[in-house]
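Student: I would like to work through this structure with you. Could we begin with the terms and then take the parts in turn?

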Amino acid sequence: MNNRSTFWLTSAVAAMATSPLAAQEAMGIDEKVNQAFASLTGPFVSLIFAPFPGTSFPWIVMWLVVAATIFTLYFGFVQFRFFKHAIQLVKGDYSDPNDAGEVSHFQALATALSGTVGLGNIAGVAVAVGIGGPGATFWMILAGLLGMASKFTECTLGVKYRNEYEDGTVSGGPMYYISKGFNELGLPGGKILAVVFSIFCILGALGGGNMFQANQAHAQISGIVGDYPGWITGIVFAAVVFAVIVGGIKSIANVTEKVVPFMGILYVGAALIILLVNYDQIGWAFGQIFAGAFTGLGVAGGFVGALIQGFKRAAFSNEAGVGSAAIAHSAVKTKEPITEGFVSLLEPLIDTVVICTMTALVIVISQQLIIDEATGNYMLNEAGTAIATIDGNSGVSLTSAAFASGISWFPYVLAIAVVLFAFSTMISWSYYGLKAWTYLFGEGKTSELAFKVIFCVFIVIGAAASLGPVIDFSDAAIFAMAVVNIFCLYFLMKLVKKELASYAARLESGEIKKYSH
Amino acid sequence: MTAKIVIGLDGTDTGERALAFAKDLAARMDACELIAIYVIEWSPFTFQTAEENAQRHKRREEEIALAKSRIVDPAIAALTDAGFKATGLVRHGDVAETLNRLTVENGASQIIVGRGSSDGFAKRVFGSSTQSLVMHADVPVTVVG
C-alpha cells in the first residue's frame with residue numbers, strides 16, 4: 001500500500017470517528033464482533049482450559065509445568081549447568097570467524113526475544129497479579145526457570161531438523177522436527193501430528209500473536225486519547241502490518257526491530273528506578289510475593305488461584321513448550337544444533353524471570369491493589385473474580401497506573417512501548433503463522449498472500465473485541481500448540497540427550513574450543 | 001623470501017589510490033605477493049526480523065558475489081595484468097579487526113589502506129575503520145590519502 005492510500009484510509013477513519021452517529025454505530029460493530037467471536041471460540045476455549053474433574057485446576061497448566069519439570073530433571077538441570085556456556089555462546093566466543101555474515105547466536109536470540117518480550121510482560125503480568133495476587137509472581141518465576149529446559153529441548157530440535165533449501169533459505173520449527181524426528185525413530189503419526197501442530201500454530205499466530213496484541217495496544221492508546229471504537233485502531237494497525245508483510249516495506253520492520261530492544265531497556269530501566277526510589281519496600285514486596293504464593297492472601301481460588309495465574313501468564317509470556325521459539329531460532333548458523341538450545345534457554349530467563357518480575361514488583365510496590373487493613377488480605381472486586389484496584393484498572397492499564405505512581409509521564413512512554421511491542425510481536429508471529437501455513441499448503445505467492453490477508457483481518461477483530469474473549473482465545477490457541485509440541489517432545493527428547501552427551505564430552509575434552517577474537 | 005602485502009579495498013577512490021601505491025611498492029621489491037581484501041561491514045550483534053534471518057545465508061552469498069565481481073576481481077585482474085602475483089578475499093566482519101586478523105593469518109608483513117571516505121557525525125563519534133586499524137593493527141599500516 002502506498003503512502004497516499006494509507007493517508008486517505010487514515011483520514012477516512014478519523015472523519016468517521018468524529019461523527020457521533022458513526023461512533024455510536026461503530027460501538028455497535030465492536031459489540032457484534034465481540035459477541036460473534038465469543039460464541040465461536042467458546043467450545044475450543046472450554047476444552048483447553050477444562051479443569052481436572054472435581055477441582056478448579058486446568059489440566060493444561062499442569063501439562064506445561066510437568067513437562068518443564070521432566071525436561072529439567074531429564075537433562076540434569078541443564079539451565080543451570082550450561083548457563084555460563086550459553087552466555088559465552090551469545091558473546092560469540094565459540095563462533096568461527098569464517099562464518100561472519102551468517103545469523104549469529106545473538107541475532108537468533110534477539111529475534112526470538114522480540115517475539116516473546118512484549119505485552120505478555122506488561123499486560124499479562126498485570127492480569128496474573130490482578131487476579132492471582134503478588135503470589136502469582138513466585139509461581140511465574142518458578143515456571144520461568146523450569147521453562148528454560150523446555151525451550152532448550154525444542155530449540156535444539158528446531159535447528160537439528162530444519163529444512164535448508166537450495167537457494168540458501170531455511171525453514172524450521174516443530175512441524176519439521178516432529179515429522180523428521182518421528183521418522184528417524186521409526187514412530188508412526190509424525191506427519192499427522194505435524195499437521196495438527198501447524199493448524200494450532202496458525203490459530204496461535206492469529207490469537208496471542210495478533211488479536212491479544214491489537215486488543216491491548218488499543219486499550220493503551222484509548223486510555224490516553226480517550227475512548228473510541230477499537231476497530232479504528234485495528235484498521236490502522238492492519239494497514240501498517242499489511243504494508244510490511246505484503247507490501248514488503250521492510251524499512252518499517254527494520255526500524256521497529258531496532259527500536260524495540262531500546263524500548264525494552266527503557267522499560268526495565270524505568271522499573272529499576274521505581275524500585276530504587278522505593279527500595280525500603282522491596283523487602284515487603286517480596287514478603288507479599290512469598291506469603292501470597294502459599295496462602296493466596298485472600299485472592300479468588302486461594303494459593304491455587306495464584307499458582308494457576310502465575311504458571312499461565314509465564315507460559316503465555318515466554319512461550320516455553322509452545323514451539324514458536326523453535327521457528328525463530330532455527331535460522332542460526334552453527335554446526336552444533338545444541339548450541340542454539342543453550343542460547344535459547346536464556347530467553348525465559350530474560351523474559352520471565354527478569355522482565356515479568358520487574359513489572360510484578362512495580363505493581364505490588366505501587367500499591368494499586370487494595371489491601372483490607374483489618375485482615376492484611378487483598379480485597380476482591382464486586383464480582384469476586386479479581387483483586388480490587390484503586391481505579392478499577394486491569395491488564396495494561398494496571399501496569400500503566402503502577403508506573404505512573406512512580407514516574408508521572410511514564411504512561412506516554414509505555415503507550416509507545418506497547419504499540420511497538422505489539423507491532424514487533426505481530427510481525428514475528430505473522431512469520432511463525434506463515435511457516436505453519438506454508439507447511440500445510442505449500443510455498444507460493446497466492447498461498448502466502450491468503451494467510452497474510454487473514455492475519456490482517458484478525459488484527460481488526462482483535463482490536464474491536466473486548467479483553468475477556470480475546471485473552472481466552474489467545475491463551476487457548478497458544479496452549480493448544482503446547483499440547484501437540486510437548487507430546488512429541490517426550491518422544492524426541494532422547495535425541496537431544498544424545499546430542500547433549502556428545503557435546504558435553506567434546507567440550508570437556510577440549511575438542512570444542514573457543515576461537516580467539 | 002616472498003614478502004606479502006595486504007591491500008584493504010573499499011570500493012572508493014582512496015581504495016584505488018591504495019592499490020596504486022601497493023603496485024608501486026611491490027614493483028620495487030624482489031619477490032612480493034599482494035593480497036587484496038574487501039571486508040563487508042557486519043556485526044553479529046544487530047537486530048533482525050525472523051524473515052531476514054531465514055534469508056541471511058542467501059543474502060550473504062549474494063553480498064560476497066557482488067563484492068567479488070565489482071571490487072575484488074577487477075583489482076586482481078589489474079594486478080595480474082601488471083605482472084604481480086595477487087590473490088583476493090571477501091569477508092564479513094568488523095573492517096579493522098578482520099583486515100588485521102587476515103593479515104596475521106596469511107603471514108603478511110604490512111597493510112595498505114585508503115584514508116576512508118566516511119564523514120560526518122558517525123565518524124566523529126566512533127572514528128573510522130582506518131583509525132581503528134592504525135590503532136590496533138599487529139603489523140605496520142600505510143594509509144594512503
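Predicted model: local features only at pLDDT ≥ 70, side-chain atom pairs only at ≥ 80, totals over all residues.

Student: Then how many bridges join S1 to S4 in chain B, and do they run parallel or antiparallel?

Tutor: Strand S1 of chain B, residues 3-9, is joined to S4(B) by four bridges, and the two run parallel. Within this pairing, B:Val6 has B:Ile111 as its bridge partner.

Student: How many residues of S4(B) are buried?

Tutor: Four of the five residues in S4(B), which covers 110-114, are buried, so the strand is mostly covered.

Student: Moving to H1 of chain B: which of its residues are buried?

Tutor: The buried residues of H1(B) are B:Gly15, B:Ala18, B:Leu19, B:Ala22 and B:Ala26. They lie on the same side of H1(B), because they cover an arc of only 100° around the axis.

Student: Why would residues spaced like that point the same way?

Tutor: An α-helix has 3.6 residues a turn, so residues three or four places apart point the same way.

Student: What do the buried residues pack against, and which residues are exposed on the other side?

Tutor: The buried residues of H1(B) pack against S1, strand S2 (32-41), helix H2 (50-81), S4 and S5 of chain B. On the other side of H1(B), the exposed residues are B:Asp13, B:Asp24 and B:Ala27.

Student: What span should H1(B) have at 1.5 Å a residue?

Tutor: The 15 residues of H1(B), 13-27, should span 21 Å, and the end C-alpha atoms are 21 Å apart, which agrees.

Student: New topic, the contact between the chains. How many residues does each chain give?

Tutor: Chain A gives 27 residues and chain B gives 22 residues. On the side of chain A that touches chain B, at least two residues each come from helix H6 (105-116), strand S2 (170-171), helix H12 (250-277) and helix H19 (410-441) of chain A. The largest share, five residues, comes from H6(A).

Student: How do the residues on that side of chain A divide by type?

Tutor: They divide into 13 nonpolar, 10 polar and four charged.

Student: Now chain A itself. Is H18 mostly covered or mostly uncovered?

Tutor: H18(A) is mostly covered, with eight of its nine residues buried. Among them are A:Val396, A:Leu398 and A:Phe403. The elements that cover the buried residues include helix H7 (119-132), helix H10 (190-225), H12, H17 and H19 of chain A.

Student: And where does A:Leu500 lie?

Tutor: A:Leu500 lies in helix H21 of chain A, residues 467-509. A:Leu500 counts as buried because 23 other C-beta atoms lie within 10 Å, and the cut-off is 20 or more. Leaving aside neighbours within four places in sequence, A:Leu500 is in contact with A:Phe75 and A:Ile338. A:Leu500 and A:Thr339 are 161 residues apart in sequence, yet 9.4 Å apart in space, C-alpha to C-alpha.

Student: Finally, what are the confidence scores?

Tutor: The model scores ipTM 0.88 and pTM 0.87. Chain A averages a pLDDT of 86, and 94% of its residues score at least 70. Over residues 1-20 of chain A, pLDDT stays under 50. Chain B has a mean pLDDT of 87, and 91% of its residues reach 70 or more. In chain B, confidence is lowest in helix H4 (residues 121-126), at a mean of 56, and highest in strand S3 (residues 85-93), at 94.

Notes:
Residues numbered from 1 in each chain as written. Chains lettered and ligands numbered in written order. Buried ≥ 20, exposed ≤ 12 C-beta atoms within 10 Å, placed from the backbone. Pairing = 2+ DSSP bridges. Contact = placed C-beta atoms within 7 Å. Nonpolar A, V, L, I, M, F, W, Y, C, P; charged D, E, K, R; others polar. Expected span 1.5 Å × (residues − 1). Arc of directions from axis to C-beta. pLDDT = per-residue confidence, 0-100.
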